[in-house]
Amino acid sequence: MANAVFYDGESARRRAVSLIITASVIDIHEGSEWIASWPAGEVRQREAPDGILRLTRSDASSLARLDVADAELQATIRLNCRHLDDSDRRERTGRILVWSVAAAISILLCVFLLLPILAERLTPLVPISYERRLGTAVDNQVRAIFKGNICEEPRGLAALRSLVARLQKARPGGPAVDVAVLDSGVPNAIALPGGRIYLFRALLDKAESVDEIAGVLAHEMGHVAHRDGLRKMIQAGGTSYLLGLLFGDVTGGGAIVFVSRYLVDSAHSREAETAADDFAGRTMVALGRPAHAVALLLRRIEGDKEEDGNDFRIPAFLSTHPVTDQRLKALEKQVPSQPGEPLLTQEEWRALKEICKTT
Amino acid sequence: MAFSGQGREFLRLLIAGSLFQIPTFGFYRFWLITKVRRHLWANTQIEGEAFEYTGTAKELLIGFLIALAVLAPLYIAYAILGVVLEEQYAFASVPLVVIMYVLAHFGSYRARKYRASRTVFRGIRFWMKGSGWPYALRAVLWDLATLLTLGLALPWAMASLERYRMRNTYFGSIQGDFAGTGWSLFKRGWWIWVAGLAGLAGGALLAIVLATLSLGQHEVLLHLALFLLILIGLALLPLLLAIFTRWHIDGLRFGDVAAASSFRAGTYYGLFFKLIFSSLGFLLTFGIAVGALGFLFAGVFKEAIAAAEGLSWISVGAGVLVAIGYLVALLGLGVLQRYFLGRGLWAAIVASTTIINLQSVDAAVAAGQPAGVLGEGLADALDFNVGI
């Protein structure tokens with residue numbers, strides 16, 4: 001009596017078979033002819049529609065299948081074949097969980113422990129010419145973010161150039177920089193890898209003297225001199241790439257855009273800021289100008305923030321900078337022995353402040 | 001053909017699998033997709049005989065890792081190249097997109113190959129020939145032709161590519177074929193193409209009129225007309241897909257075995273509506289639940305929040321909660337989509353298909369080997385959809 005269907009895995013022929021089940025073996029007969037014997041320990045179950053028990057042998061490459069629809073027969077098979085469900089295919093949810101968490105932890109450890117060290121060690125090894133190329137790539141992204149509105153009113157531009165030239169002359173052997181004003185409503189200033197510095201228009205608006213802006217520029221030149229932008233870029237690039245891997249973004253397409261945003265939005269480490277402040281202080285002293293003017297500007301911006309409420313972000317170069325008070329104190333210690341002449345004439349200063357006005 | 005799966009069982013599988021994706025950072029997706037396929041395959045029956053999916057999640061994971069190994073150097077090389085080249089162009093990422101696009105065609109062929117060779121019917125494996133590169137070349141050329149002819153070539157492109165795929169597909173020793181032609185698809189759907197072109201032209205015209213003239217009161221009307229055009233376009237999409245599905249199933253051949261489809265556009269519309277309304281309902285419920293919870297928490301922890309300065313454990317906890325809430329919403333929508341457009345569509349297509357001359361597969365003899373898993377890995381890594 002045929003009570004099951006057998007497929008031998010060699011041809012698609014459907015064979016009605018009868019089973020003889022004992023504790024140790026399932027014997028398969030087609031009519032009176034013996035076809036196969038499956039040892040009970042090797043019989044495994046595979047997915048099948050409700051009501052059908054689909055059996056195969058533990059050898060995974062074998063495609064021989066035995067479909068049993070009869071409920072009584074199914075019960076007998078379940079009774080005799082003890083290993084129906086154990087196969088290497090069975091999923092172990094706990095193990096998946098453990099290894100996923102392990103992968104995540106190892107990536108996070110890389111991000112928080114290894115990457116900063118890597119960035120620190122790698123930065124001095126990158127040639128200046130390559131840093132400049134990286135800087136240009138980032139610069140293009142930054143310009144895309146800010147719609148490329150660079151202020152170029154000629155007289156203002158001339159004033160800016162002469163200010164930068166004086167700052168650079170004060171520190172011979174300092175870095176080559178390229179300063180531009182971006183038409184943006186956020187009071188901020190950033191230094192990109194390779195020496196490009198962006199001064200944001202809102203910062204110019206808030207400034208009340210040349211010394212304040214000179215202090216900011218000198219500070220950013222400090223970042224350029226210490227190659228902080230490159231360091232941060234290596235770190236941010238590595239972070240975004242590793243995290244992208246974790247979440248399945250293999251191509252890392254988001255990485256460069258993320259890095260550019262990160263450079264704009266986030267701060268350097270406290271040590272890097274102190275070092276840049278120190279650089280700025282020395283520059284200003286060498287020019288015979290008060291070094292603490294920049295701190296006054298920062299304090300004014302902070303004051304405005306509190307009046308306005310908290311709804312707009314504190315610019316990055318304020319947020320994790322050492323607290324304004326501390327910076328003010330540190331800068332006040334750097335006093336020029338004799339006052340130097342003003343960095344710009346009144347007329348030039350006015351032109352610089354209006355660099356974003358177009359006729 | 002018949003589909004015998006229980007909706008509830010499938011839903012449970014989807015929800016549990018989606019929730020597991022949160023603590024495993026998405027790695028569980030390989031296990032989920034394998035379970036989904038096993039369920040769908042095992043419940044698809046031809047004259048009472050069910051298919052079987054023999055792929056494993058571990059294979060998919062390995063495929064993902066292989067794709068990682070292929071793509072990571074590619075990406076890094078590109079990043080370096082980009083830095084060198086981007087001095088001139090911001091966002092000069094066009095070549096990378098082209099590479100990814102070709103890889104997507106290649107990967108989709110390989111993914112189909114993988115799935116075919118993991119499909120077993122009557123103890124015989126389906127399998128495919130071909131490496132994927134010739135297919136990718138054809139697909140790219142056909143895409144170009146479609147683009148240049150404003151979509152006119154699309155039916156012929158689909159027929160040609162499906163013919164290529166099916167002729168390289170075997171059930172054991174029986175070669176597959178595809179009998180549908182571009183002309184037969186064009187005859188069934190040409191008016192949608194014309195309507196689409198007319199709509200596009202009309203829309204462009206309207207947009208130009210809107211941009212050049214300010215017509216006062218009429219402006220609102222014009223905007224409305226534009227909106228209506230888009231809506232009609234969207235409403236025609238299920239119809240187009242239904243026509244395509246029917247044509248596709250009707251053309252499938254394995255030796256003397258043929259398929260015939262009585263798939264109705266109404267089924268497609270029903271599924272789309274179910275998906276849209278269930279998604280809206282889910283988002284609404286989710287929003288209300290989150291709002292209520294947030295209100296509750298704000299009430300309880302108000303003082304604690306006020307007292308906490310800067311980066312405290314509470315703010316970190318709140319951040320994690322927000323992230324999890326976002327994930328839950330996203331995964332929930334994914335579950336609904338897989339339930340209606342994955343399982344629902346599958347079941348509807350299976351139920352509306354008739355297989356003719358099935359007895360002729362008796363002659364099939366086992367042949368072919370299981371194919372590699374690179375295609376699935378590429379599909380996963382590059383985020384392109386190769387179906388279930």
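Two strands pair if DSSP finds at least two bridges between them, and strands themselves are DSSP runs of E at least two residues long, just as helices are runs of H or I with at least four, all numbered from the N terminus.

This is a predicted model, where local features need pLDDT of at least 70, side-chain atom pairs count only at pLDDT 80 or more, and totals for chains, interfaces and linings use all residues. Residues are numbered from 1 along each chain as its sequence is written, while chains are lettered from A and ligands numbered from 1 in the order in which they are written.

**View 1. Strand β7 of chain A and its two partners.** On one side, β6(A) (residues 53-57) runs antiparallel to β7(A), with three bridges between them. L53(A) has V68(A) as its bridge partner in β7(A). β1(A) (residues 4-7) also pairs with β7(A) in the antiparallel sense, again over three bridges, and here V5(A) sits opposite D67(A). In a regular strand the side chains alternate between the two faces of the sheet. In β7(A) (residues 65-68), R65(A) and D67(A) point one way, with L66(A) and V68(A) pointing the other. All four are buried, and a residue counts as buried if 20 or more other C-beta atoms lie within 10 Å of its own, as exposed if 12 or fewer do, and as partly exposed in between, with C-beta atoms placed from the backbone.

**View 2. The whole seven-stranded sheet of chain A.** Read across, the open sheet goes β4-β3-β2-β1-β7-β6-β5, with antiparallel pairing. β4(A) (33-39) and β5(A) (43-46) are the edge strands, each pairing on one side only. From one strand to the next, the twist averages 35°; axes here are lines fitted to C-alpha atoms (for helices, over the stretch in contact), and angles run from 0 to 180 degrees between N-to-C directions.

View 3. α1(A) (residues 71-80) lies across β1, β2 (15-21), β6 and β7 of chain A. Its direction is at about 50° to β2(A).

View 4. Of the 17 residues in α6(A), 16 are buried. Just past the end, R227(A) takes a positive phi of about 60°.

View 5. F171(B) belongs to strand β7(B) (residues 169-171), which runs antiparallel to β8(B) (residues 174-178) over two bridges. Beyond neighbours within four places in sequence, F171(B) is in contact with I124(B), F126(B), G176(B), F254(B), V361(B) and A364(B); contact means C-beta atoms, placed from the backbone, within 7 Å. F171(B) is also among the residues with the most contacts inside the largest nonpolar core, along with A4(A), F6(A) and I124(B). That core has 77 residues, a core being a set of buried Ala, Val, Leu, Ile, Met, Phe, Trp, Tyr and Cys residues joined through C-beta atoms within 7 Å.

**View 6. The eight-stranded sheet of chain B.** The order is β4-β5-β6-β7-β8-β9-β10-β11 in an open sheet, and the pairing is antiparallel. Its edges are β4(B) (52-53) and β11(B) (353-356), each pairing on one side only.

View 7. Chain A averages a pLDDT (the predictor's confidence in each residue, from 0 to 100) of 79, with 84% of residues scoring at least 70. In chain A, β1(A) has the highest confidence, at 91, and helix α11(A) (residues 316-319) the lowest, at a mean of 50. Residues 309-314 of chain A fall below 50, and beyond near neighbours in sequence this stretch has two contacts in the model. Where pLDDT is low, the predicted coordinates should not be read in detail. Chain B has a mean of 84, and 88% of its residues reach 70 or more. For the complex, the predictor gives an ipTM of 0.77 and a pTM of 0.77.
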